[in-house]
Amino acid sequence: MTATQGNLASLSRFIFRAPNWYSSLVFALCIAAITGVAAFDSRFVLDDAWQGVFFIGIPTVVAGAVTPWVDKQLGGQLTPNHASLLALLCEVITIAILTVAGVVVLLVPQLGQNFVFDALIVALASIFAFRILIMMAISRHSLLRAIVPASVQTVTAAVLLAIYSGTTAFILEDPMLQELLARAEQAPPEIQGFIPADFVVLAVICAIYGLAVWLFLVAIDQPWRRSLGVSALDFLRGFVGHIAEGTRELEEFFEEIGEEAIVPVTVLSVRRLDGEEKARFVLPMIHPGPMGEIGGGNLPKRVAADAEGLAFPPHATAGHDFNLVTEREVDTILSTAQDAYDGIEYDTEATVGRRITEGEATLIGQSFGDDALIVTTYAPGCADDVDYAVGLSAMSEARTGGIDDVLLVDAHNCNDGLEGEDLGHVVPGSQRSFDMIYGAGRLGDILGDSQRGDLRCGVAWDETPWAPEDGIGPLGIRVCVFEVADHRTAYVLVDGNNMEPGLRDTVIDTIEGVDAVEVMTSDTHIVNTVEAENQVGQAIPDAELSALIADLVDRAVADLEPVEAGMASERAEVTVFGNDRTETLASTANAMVSLGGALAAAFILAVMAVSILVFVVAGL
């Protein structure tokens, strides 16, 4: 990937799952109780805690419970989990603002309790504005529609304040209503002192903050509409839905900006002489991204589930431009792979594995009948994805030696992370691209002229004790060993996204019992729901990983038996991110992240200045 795409991928660090609604509300009540103990000064701690729960926790609970219903009535899609988490965040924001105000009053006693009251008004208006932002982003409401569900928490808090601060006593004339709705004597003195004018000020400031949110969204939305023809809110809604609930809305956004593409899908099948499949290599020329299980992020696992034998879904020569826009596109890939599999003609003979070096590129491969499996790497040099065009050129060059179908794998096994301008993307016209192309041509000539011999194959697999948090996906580690004329070639596939520099060489040095070996990763993006950079070897000790792989190679050697193999390729029509759209999306999203913070800070400073002006005018 490019540096810009790397920055986009780093958004994965924000991925999380929204807790259950009851967990958020219980946590909110606990925080409210603790805040009550700190803020109120009655004779009993439990009484202080209860007052905190009542005056701080109740608005949060009401907002968590009522907002989803109100939002749904207006055509929104806010879930109870979303609403409760949002209410909790707003409670935390309110407490933080009041805490700062309390510290300021301690340092500057002349400001008095009125300063805290003014800070509370600002806090209630701030959470109202924050909730408008979320409502407009998630439910795609207009500003006027968003105001209704967004106001629930602020209105609930304001009503409680009006009842228990004594404000209602100024506006209610009916004695019965006063008895029900004017309860200043039951409230702690810390919240008494509000007057009707304070609520007018609150309404004015809420209107100012709501307008500021609308202007902010309009400002950040314009670059998206000009460059991509879509709204930033579509991306924000999809991203929030994915990170908080695991929804597929982000795929809908990608589908809008996607482009049609035709990609080769190549299948190498190895079966026992009785016809039972032993191993299957499946290589669609797409990229298994962008993150998590969005798009083709879970492609390796889907491929494995669809194969009869032990599946090997290595990484193709394609970058983020060839991310599938939706998981539905994976079905098209699998269907095309099945068509290729059905058309395979098997042969019992193959060449020995051959390795060559061309410039920085190292290539290893062998021929099965008239077809060839070729694996490329730049290790020990660091590299990331190989451009689609470079891969197609290399495949064409390999065919000049008499090879028919080529299953060209990007080993994707050495990279130094997402830092810096050059992330190792192999692009057309670069020296590395010519190294791969010329190397593929040389290897194709060698394999085309090599003697064939009877083929034997052995496989082994271990799910491993590691999880995606450790950089290993659900396919674990898989090994396939081919033997021809007593020459053994091992292909190791780790279900991960690239490897730490030097780890590939350490693994190769540990393996015994074979004549040639290459280590590959699947580039699964399941591991990137943890963080954008979660390479194999970052969390796992090299010695443990190497020992497990060496053991799997030994098990695969012990599993060697006569087989026949064949390869076929078909083309699939899928929707991918597209050559220009990926970079445009990455640039626009990165600009929104970097400039959005500065723009938000400018808006906050502006509305704070206006708020101070409102307080000054109201105090005259």
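Residues are numbered from 1 along each chain as its sequence is written. Because the model is predicted, local features are reported at pLDDT of at least 70 and side-chain atom pairs at pLDDT 80 or more, whereas totals for chains, interfaces and linings use all residues, and side-chain values rest on heavy atoms, with hydrogens and water left out.

The protein comprises 19 helices and 13 strands, taken as DSSP runs (H or I of at least four residues for helices, E of at least two for strands) and numbered from the N terminus. Of its 620 residues, 57% are buried, where buried denotes under 20% relative accessible area, exposed over 50%, and partly exposed the range in between (1.4 Å probe, protein chains only). Among contacts (heavy atoms within 4.5 Å) with a separation of 6 or more, 79% join residues 24 or more positions apart. The accessible surface, computed by the Shrake-Rupley method with a 1.4 Å probe, amounts to about 25,100 Å², and carbon and sulfur atoms contribute 58% of this area.

Helix α16 covers residues 431-449, and its 19 residues should span 27 Å at 1.5 Å a residue, in agreement with the 27 Å that separates its end C-alpha atoms; the expected span is 1.5 Å times one less than the number of residues. The buried residues of α16 include Arg432, Asp435, Met436, Ile437, Leu443 and Leu447. The packing partners of the buried residues in this helix are the strands β5 (354-358), β6 (361-368) and β7 (371-377), together with helix α15 (388-399).

Asn534 is located in the loop between β12 (516-521) and α18 (542-558), and its relative accessible area of 3% places it in the buried class. The side chain of Asn534 reaches the backbone oxygen of Pro468 at 2.8 Å. When neighbours within four places in sequence are left aside, the residues in contact with Asn534 are Pro468, Glu469, Asp470, Gly471, Asn497, Val527 and Asn528.

On the surface, Val103, Leu107, Val108 and Leu111 form a nonpolar patch that has about 340 Å² of accessible area together; patches of this kind join nonpolar side chains (Val, Leu, Ile, Met, Phe, Trp, Tyr) within 5 Å, and like charges within 9 Å, among residues with over 30% relative accessible area and no salt bridge. Leu107, which belongs to helix α4 (residues 80-107), is exposed, with a relative accessibility of 69%.

The structure contains 17 salt bridges, each defined as a side-chain nitrogen of Lys or Arg within 4 Å of a carboxyl oxygen of Asp or Glu. One of them joins Arg302 to Glu327, with the closest N and O atoms 3.5 Å apart. This pair links distant parts of the chain, since Arg302 lies in helix α13 (residues 299-306) and Glu327 in the loop between β3 (310-312) and α14 (328-342), 25 residues apart. Arg302 is partly exposed at 22% relative accessibility. A further bridge connects Asp462 with Arg555, the closest N and O atoms being 3.9 Å apart. Asp462 is situated in strand β9 (residues 453-462) and Arg555 in helix α18, so this pair ties together parts that are 93 residues apart in sequence. Both partners are partly exposed, Asp462 with a relative accessible area of 23% and Arg555 at 35% relative accessibility.

How values were computed
Polar contact = N/O pair within 3.5 Å; in protein donor to acceptor, adjacent residues only side chain to side chain.
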